[in-house]
Amino acid sequence: MDAQALENEAKSAISSARTLDELDEARVRYLGRKSELKQALREVRDAETGRALNSLRGSLEAAIAEREAGLRGAELDQRLTEERVDVTLPGAATPRGHLNLITQIRREVEDVFLGLGYSIVDGDEVEDTWHLFDALNMPPGHVTRSPLHTLFLNGDIVLRTETSPSQIRVMEAQEPPVYIVSLGRVYRRDTTDATHMPIFHQVEGLAVDDNITLADLKGTLLHLARALFGEDRSVRFMTDFFPFTEPSLGAAVSCFLCDGTGCAVCKHTGWIEMGGSGVVDPNVLRNVGYDPEQVSGFAFGLGLERIAMLRHGVPDLRMFWENDLRFLRQF
């Protein structure tokens, strides 16, 4: 093999390559496994010939690298010339999401009570039966304590059915006065339908201080109702029963669609049920070490999904969980 002739031929092919593909073809032809140089290196029998052929290979590799750098530089220059970009043009907008409607309602409620001087409490979703039932004046035979109603995890450990245990824990940890609201997920063994889900969200409020009366409860719920449904709303109470309040009252707000004249939303009564409320039962106060002769309080509980459904006319509770963007983008 004439090494000098091979070198001249290879360098001529390398220098004349106009594209990276042509350069790669030259590399394979002169340095590939089946190339003449590669075959000669395999048949080397003396050191002098080996050094000469290795020197030739190094020379060709350097020529290829130099030519590749030149071609890539020329390609970049061409692209910079032909593919000009106007950097002053606005970029493509990045799609942005927004808060879920339930989260929006939750934050509205939190803002209302923060403005009244209340504290926001985030309680645990896994609770024990003392804080969920016993301390709230629910005896062992109460229907809520049935496994058909409540999700028991292990022994007396359950998924909370309401956010009330947060109220017990706060009262156990501090002396009156207490002004708190607790918001979050709760769990019940409900069959899924248009108005029931095994997971939903509640807000529960508690005020304990000197001389708390039903008038304070009414004023608080009226303020909340007007913040959520409009300034012209009225609130009324109906007698009810809850183990943790005495007396217990159901609260309703005047319909914000028909203004009390009657429509489908209020079932032609002029009133929309908000939730349960009442004066804190003395037994509950005693369970946390408070003296019911010295302090009194009120408590209430509302469903966040119910507020959202009423205010925005959402017909089916399941829509909040389907992740349908056509629904979610409306809010």
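Q: Why does Ser166 count as buried?
A: Buried means under 20% relative accessible area, with exposed over 50% and partly exposed in between (1.4 Å probe, protein chains only). Ser166 has a relative accessibility of 4%, so it counts as buried. The model is predicted: local features need pLDDT of at least 70, side-chain atom pairs count only at pLDDT 80 or more, and totals for chains, interfaces and linings use all residues. Residues are numbered from 1 along each chain as its sequence is written, and side-chain values use heavy atoms, leaving out hydrogens and water.

Q: Where is Ser166 placed, and which residues does Ser166 touch?
A: Ser166 is in helix H7 (residues 165-173); helices (H or I, at least four residues) and strands (E, at least two) are DSSP runs, numbered from the N terminus. Not counting residues up to four places away in sequence, Ser166 touches Val121, Gly123, Arg160, Ile180 and Ser182, where contact means heavy atoms within 4.5 Å.

Q: What is the relative accessible area of Glu110, and is Glu110 buried or exposed?
A: The relative accessible area of Glu110 is 16%, so Glu110 is buried. Glu110 lies in helix H5. Leaving aside neighbours within four places in sequence, Glu110 is in contact with Ile120 and Leu183.

Q: What makes H1 and H4 roughly parallel to each other?
A: The axes of helix H1 (residues 3-16) and helix H4 (residues 47-82) cross at roughly 10° and come within 10 Å. Axes are lines fitted to C-alpha atoms, for helices over the stretch in contact, and angles run from 0 to 180 degrees between N-to-C directions. Angles under 35 degrees count as roughly parallel, over 145 as roughly antiparallel, 65 to 115 as roughly perpendicular and the rest as oblique. H1 and H4 are therefore roughly parallel. On the H1 side the contact is made by Ala3, Leu6, Glu7, Ala10, Lys11, Ile14 and Ser15, and on the H4 side by Leu56, Ser59, Leu60, Ala63, Ile64 and Arg67. By class these divide into eight nonpolar, two polar and three charged residues. Ala, Val, Leu, Ile, Met, Phe, Trp, Tyr, Cys and Pro count as nonpolar, Asp, Glu, Lys and Arg as charged, and the others, Gly among them, as polar.

Q: Why are H5 and H10 called roughly perpendicular to each other?
A: The axes of H5 and helix H10 (residues 304-312) cross at roughly 105° and come within 9 Å. H5 and H10 are therefore roughly perpendicular. Leu101, Ile102, Ile105, Arg106, Glu108 and Val109 in H5 meet Leu304, Glu305, Ile307, Ala308, Arg311 and His312 in H10. That contact has seven nonpolar, one polar and four charged residues.

Q: What lines the largest cavity?
A: A cavity is a set of points on a 1 Å grid over the protein atoms alone where a 1.4 Å probe fits but cannot get out; a pocket is an open set with protein on both sides within 12 Å along at least five of seven lines, and lining residues have an atom within 4 Å of a point. The structure holds one cavity of 30 Å³ or more. The largest cavity is lined by Leu228, Phe229, Glu273, Met274, Leu302, Gly303, Arg306, Ile307 and Leu310. H10 gives the largest share of this lining, three residues.

Q: Which residues lie nearest the centre of the second largest pocket?
A: They are Ile102, Thr103, Arg106, Arg185 and His201, out of 15 lining residues. Helix H5 (101-115) and strand S5 (178-187) are the elements that give two or more residues to this lining. The lining has four nonpolar, five polar and six charged residues.

Technical notes: Points joined across faces, edges and corners; volume = space filled by probe spheres on them.
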